[in-house]
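Visitor: Hi, I'm new to this one. Could you walk me through it?
Guide: Happy to. Here it is.

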Amino acid sequence: MKILVVNGPNLNMLGRRDKQIYGEKTLAEIDSLVKKQGEALNVEVVTFQSNSEGALVDFIQKQSDSADGIIINPGALTHYGFSLRDALADSKLPVVEVHLSNIYAREEWRAKSVTAPIAKGQISGLGWRGYAAALQVLVDEQRGEN
Ligand code: DQA
């Protein structure tokens, strides 16, 4: 089983960016924790981050035929990234949207997600553990566990 973990704009700055909101961990640390969890579950975890919507779309298009699910934190593209939304929908894969912060408890414009309607579900406000929860859900569901 292969799960993609995709992060959008500015998430490469985790660890330096507003730590009160996004937590202390760098993206490399989060990726490594999720990969370790993948090893324990016997699942391949492939991580990718870009600040460019086109590069995210290219990655999803290239990888989706060989993948079983996508965990995505689209960053600010959450709120207006229609081509990313279409690429996720076209992948036909189960998608879990993750936000480190609670997007419903911040500025009003953050409360709208254009990607959530094509996602299986969304985890918002649980910090880096949201990625871990998303991985567990996708793996359990693929394996048909109740
Ligand atoms: C975010 C929330 C977005 O509104 C913001 O633009 C981000 C990060 C989060 O993980 O909480 O870049 O997706």
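Visitor: What covers the buried residues of H5?
Guide: The cover includes S1, H2, strand S2 (44-49), S3, S4 and strand S5 (121-124). Buried means under 20% relative accessible area, exposed over 50%, and partly exposed in between, with a 1.4 Å probe and protein chains only. Helices (H or I, at least four residues) and strands (E, at least two) are DSSP runs, numbered from the N terminus. This is a predicted model, in which local features need pLDDT of at least 70, side-chain atom pairs count only at pLDDT 80 or more, and totals for chains, interfaces and linings use all residues. Residues are numbered from 1 along each chain as its sequence is written, and side-chain values use heavy atoms, leaving out hydrogens and water.

Visitor: And which residues are buried in H5?
Guide: Gly-130, Tyr-131, Ala-132, Ala-134, Leu-135, Leu-138 and Val-139.

Visitor: How many residues are in the largest nonpolar core?
Guide: There are 21, and Leu-14, Val-34, Ile-71, Leu-100, Tyr-131 and Leu-135 have the most contacts inside it. Such a core is a set of buried Ala, Val, Leu, Ile, Met, Phe, Trp, Tyr and Cys residues joined through side-chain atoms within 4.5 Å. Strand S1 (2-7), helix H2 (27-41), strand S4 (95-99) and helix H5 (129-142) each supply at least two of its residues. H5 gives the largest share, five residues.

Visitor: What does Val-34 contact, leaving aside neighbours within four places in sequence?
Guide: Val-5, Val-45, Tyr-131 and Leu-135; contact means heavy atoms within 4.5 Å.

Visitor: New topic: which residues of helix H4 are buried?
Guide: In H4 (residues 82-91), those are Leu-84, Ala-87, Leu-88 and Ser-91. They sit on the same side of H4, because they cover an arc of only 100° around the axis, taken from the directions from the helix axis to the C-beta atoms. Phe-82 and Asp-90, on the other side of H4, are exposed.

Visitor: How do H3 and H4 pack?
Guide: Their axes are 9 Å apart, at an angle of about 5°. Axes are lines fitted to C-alpha atoms, for helices over the stretch in contact, and angles run from 0 to 180 degrees between N-to-C directions. H3 and H4 are therefore roughly parallel to each other; that label is for angles under 35 degrees, with over 145 roughly antiparallel, 65 to 115 roughly perpendicular and the rest oblique.

Visitor: Which residues of H3 make the contact?
Guide: Glu-53, Leu-56, Val-57 and Ile-60.
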